[in-house]
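Here are my notes on the model, as numbered points. They go from the criteria to the overall layout, and then to individual contacts.

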Amino acid sequence: MKKVSASIPGEPGLPIIGQLFRFRDINNLMDIAYSDFKKFQSPTKAFIGHVLLVCFSEPKQIQTILNSLNTAEKPFQYKFADVFSHEGLITASHERWKVTRKLLNPTFNQKILQSYADIFLEQSTLLVQKLRRETNKDHFDITQYVTRNVIGSVSQTLLEYNNEDLNTDFFNIMEKVAQGLIIRGFSPWLYPDFIYNRTKLKQEINEGGTKIHAYLSQVRKLNY
């Protein structure tokens, strides 16, 4: 690990804990990443305990990673999300994802996608309008905007349902669960299940997962 990371720039860490002290507040993750990218050339590195975290900011580098089969296997932290994905494609192994993706390919044919063009246009226009409000800032986190946009698009296309109040509730639940998963991801002492299972964080994430499935069940009942 040290040999792999030796040539990657990044802030120095401490023995054993790495740079955990920099990530005490998960709300500052984007600010930390932005600061590192201004100081170092992409990619940059950070050690979360013994776990090496490599961050990229250049679009061409990100494109290479996303298109490479060598990076298709997900890290172990993805299994933390099984609480609401139930071993779905989000957390599935590369082999399982590859087989399932082939089965899903017919769903993404040109005719079906064209039928959703008006919805994509509507959601894209709304997203651009919201992002324009932030253009006077030096930098900002687009996560909440993109997530809300995805939820709106999925609701209208795959679920054939659109209710802004329900979508907002769903976003709030997803955001809370995601924050819990990020906290665990940046807390190596919570990696072992026998410790994590005794924490309040597990209870909160499990409750969020239950609410996510309740939301999806509610939408299915409204449609069918």
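1. Exposure classes come first. A residue counts as buried under 20% relative accessible area, exposed over 50%, and partly exposed in between, using a 1.4 Å probe and protein chains only. By this rule Lys39 is exposed, at 55% relative accessible area.

2. Basis of the values. This is a predicted model, in which local features need pLDDT of at least 70 and side-chain atom pairs count only at pLDDT 80 or more, while totals for chains, interfaces and linings use all residues. Residues are numbered from 1 along each chain as its sequence is written, and side-chain values use heavy atoms, with hydrogens and water left out.

3. Overall layout. The protein chain has 11 helices and 2 strands; helices (H or I, at least four residues) and strands (E, at least two) are DSSP runs, numbered from the N terminus. In order from the N terminus, the elements are α-α-β-β-α-α-α-α-α-α-α-α-α. Along the principal axes, the C-alpha atoms fill a box of roughly 55 × 40 × 40 Å. Of the 224 residues in the protein chain, 29% are buried.

4. Aromatic pairs. The structure holds 6 of them. Rings of Phe, Tyr and Trp (its six-membered ring) pair if their centres lie within 6.5 Å; planes under 30 degrees apart count as stacked, over 60 as edge-to-face and the rest as tilted. The Phe23 and Phe186 rings have centres 5.1 Å apart and planes at 40°, so this pair is tilted. The pair links distant parts of the chain, 163 residues apart: Phe23 is in the loop between helix 1 (2-5) and helix 2 (29-39), and Phe186 is in the loop between helix 9 (164-185) and helix 10 (193-196). Both Phe23 and Phe186 are buried.

5. A second ring geometry. Tyr116 and Phe120 form an edge-to-face pair, with 6.2 Å from centre to centre and 70° between the planes. Phe120 is partly exposed, with a relative accessible area of 34%.

6. Ring cluster and arginine. Phe76, Phe80 and Tyr191 are linked into a cluster by ring pairs. What lies over the face of Phe80? It is Arg184, at 3.9 Å from the ring centre. The charged end of Arg184 also sits over the ring of Tyr196, 3.7 Å from its centre. The criterion here is that NZ of Lys or CZ of Arg is within 6 Å of the ring centre and within 35 degrees of the ring normal.

7. A salt bridge is a side-chain nitrogen of Lys or Arg within 4 Å of a carboxyl oxygen of Asp or Glu, and the count comes to 5 salt bridges. Glu11 and Lys39 form one of them, at 3.0 Å from N to O. Their partners lie 28 residues apart, with Glu11 in the loop between helix 1 and helix 2 and Lys39 in helix 2. Glu11 is partly exposed, with a relative accessible area of 21%. Lys39 and Pro9 are 30 residues apart along the chain, and their C-alpha atoms are separated by 9.5 Å.

8. Arg22 and Asp36 form a salt bridge, with the closest N and O atoms 3.0 Å apart. Arg22 lies in the loop between helix 1 and helix 2 and Asp36 in helix 2, so the pair ties together parts that are 14 residues apart in sequence. Asp36 is buried, at 5% relative accessible area.

9. A further bridge. Lys137 and Glu134 meet through their side chains at 2.6 Å, N to O, in a salt bridge. Lys137 is partly exposed, with a relative accessible area of 46%, whereas Glu134 counts as buried at 10%.

10. Helix packing. The axes of helix 7 (residues 117-132) and helix 8 (residues 143-157) come within 10 Å and cross at roughly 165°. Axes are lines fitted to C-alpha atoms, for helices over the stretch in contact, and angles run from 0 to 180 degrees between N-to-C directions. Helix 7 and helix 8 are therefore roughly antiparallel (angles under 35 degrees count as roughly parallel, over 145 as roughly antiparallel, 65 to 115 as roughly perpendicular and the rest as oblique).

11. Helix 11. Leu201 is found in helix 11 (residues 200-223) and counts as buried at 14% relative accessibility. Leu201 and Val177 are 24 residues apart in sequence, with 9.6 Å between their C-alpha atoms.
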